[in-house]
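Hi,

Here is the structure I promised to pass on. Have a look at it first, and then read my notes below.

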Amino acid sequence: MSMFNRTLLRRLQTIAYLALALLSTSTAADAADSRTLTDLAGRHVEVPAKVDRVLLGEGRFMAAIAILDRDNPIERIVGMQGDFERVDQHGYALYQARFPGIDDIARVGQVAPSSFSAEKAIALMPDVAFFGLEGHGPSPKDTAVIEQLERAGVAIVFVDFRRKPLVNAPRSIELMGRVLGRETRAAEYIETYRRELARVTQVSDRLLSRPSVFIENRVGLQKDCCATMGDGMMGSLVEAAGGYNVAKPLVSGTHGMINLEYLLRVQPDFYIGTAIGNAKSADAADGRLLLGPGIDGDHARTSLGLALERRGIAQLKAIRSKHTYGIWHHFYDSPFNVIAVQAFAKWLHPDAFTDLDPEATLHSMYERFQPIPSDGTYWVGPS
């Protein structure tokens, strides 16, 4: 080989080495800038390694965010759906008192998924959007919205607290923790959640009897009986607590209606109504159960008594046997649903759960994982 050719070969080798080094550096940088995660819809999603701007497909996901960003849960939120302040006014007011800036977060819709504005969401330039598998914001069915946001560079991550609440609540917090770089805080919550759930299921799985339960969904919202929950939402919580949800074989999906005649024929052993009333509506005679933040025990018991006097409901044998209870509605879509499971277990099987104290669990979990107090009444029984 001539001197010229040897020189040319060395130069080509050097160029190839530099190109390879540049490619390796670029690949490493790209890998460091993003990660690929699998969300609750089974989608592989590439998310930025550092997430500063977050959009919530449901405003009530704030409770989940607060588990992870407890000191300032609104700091990264640039936009959210408007369901929180509309359907859980007093819960929203607690966040508002602690974090007044929550009012300044842009709203990208109201309560219904159809109200969501992809254009408003894109204008906020979020790094990541958390959507639910179903509920009050876009779902995996809203492919046009998803494609529009993804084309704009927004990573869409689906979570779930209502379709399979007891399985997916901890999985959702784990996923959100990875997205937000809060893995340790997520692990602390998951360990507590699973321990509190096991205190019920380790007993309820061995029970020989499973009393039948009718869940009336959103008492007072509609005049006609009987809105209820099926496979998912609080139906899953009842079954984990050792009960049998009478609506499960009749309702397709998480919620629906059963007719009053059927209910009177099967005569469930227990009645549980979900409460959407709050302090602002405490004096309104609209038939709503009153529970949650800001509600005292007297108002809660009075509202339960009035709800049980309604036509049809009053004819249930569960009323006469005083197997009648009310539960705060928003446990149906909450990372704290395990507290409702404990309350149900105490009602359905009081002799099997004498050591269980859901009130203590409520205060302990809020104190550890929420920046707001757990004041108020979250469930109520017969007088």
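What follows is a short tour of what I found, feature by feature.

A word on the source first: this is a predicted model, so local features need pLDDT of at least 70 and side-chain atom pairs count only at pLDDT 80 or more, while totals for chains, interfaces and linings use all residues. Residues are numbered from 1 along each chain as its sequence is written, and side-chain values use heavy atoms, with hydrogens and water left out.

Let's begin with the sheet. Five strands make an open sheet with parallel pairing, in the order E5-E4-E3-E6-E7. E5 (106-107) and E7 (155-159) sit at the edges with a single partner strand each, so one side of each has no neighbour in the sheet. Strands (E, at least two residues) and helices (H or I, at least four) are DSSP runs numbered from the N terminus, and two strands pair if DSSP finds at least two bridges between them. E6 (residues 128-132) pairs with E7 in the parallel sense over five bridges, and Phe130 stands opposite Val157 in E7.

Val78 belongs to strand E4 (residues 77-80). Val78 is buried, at 14% relative accessible area; buried means under 20%, exposed over 50%, and partly exposed in between, using a 1.4 Å probe and protein chains only. The C-alpha atoms of Val78 and Asp127 are separated by 9.8 Å, and the two residues are 49 apart along the chain.

There is also a hairpin. Strands E1 (residues 34-38) and E2 (residues 44-48) pair in the antiparallel sense over five bridges, with Arg35 opposite Val47 in E2. Five residues lie between the two strands, and Gly42 takes a positive phi near 80 degrees in this hairpin.

Two other residues have a positive phi without being glycine. For Arg218 the value is near 55 degrees; this residue lies in the loop between strand E8 (212-216) and strand E9 (227-229) and is partly exposed at 31% relative accessibility. For Met233 phi is about 50 degrees. Met233 is in helix H9 (residues 233-240) and is buried, at 3% relative accessibility.

How many disulfides does the count come to? One, taking a disulfide as a pair of cysteine sulfur atoms within 2.5 Å. It joins Cys225 to Cys226, with 1.7 Å from S to S. The link of Cys225 and Cys226 is right-handed, with 95 degrees about the S-S bond. Cys226 is buried, its relative accessible area being 0%.

Last, the helices. H13 (residues 337-348) has 12 residues and reaches 17 Å from its first C-alpha to its last, close to the 16 Å expected at 1.5 Å a residue; that expected span is 1.5 Å times one less than the number of residues. H13 is largely enclosed by the rest of the structure, because 11 of its 12 residues are buried. Among them are Asn337, Gln342, Phe344 and Trp347.

H8 (residues 183-204) packs against H13 at an angle of about 15 degrees, with the axes 9 Å apart. Axes are lines fitted to C-alpha atoms, for helices over the stretch in contact, and angles run from 0 to 180 degrees between N-to-C directions. H8 and H13 are therefore roughly parallel; angles under 35 degrees count as that, over 145 as roughly antiparallel, 65 to 115 as roughly perpendicular and the rest as oblique.

Cheers
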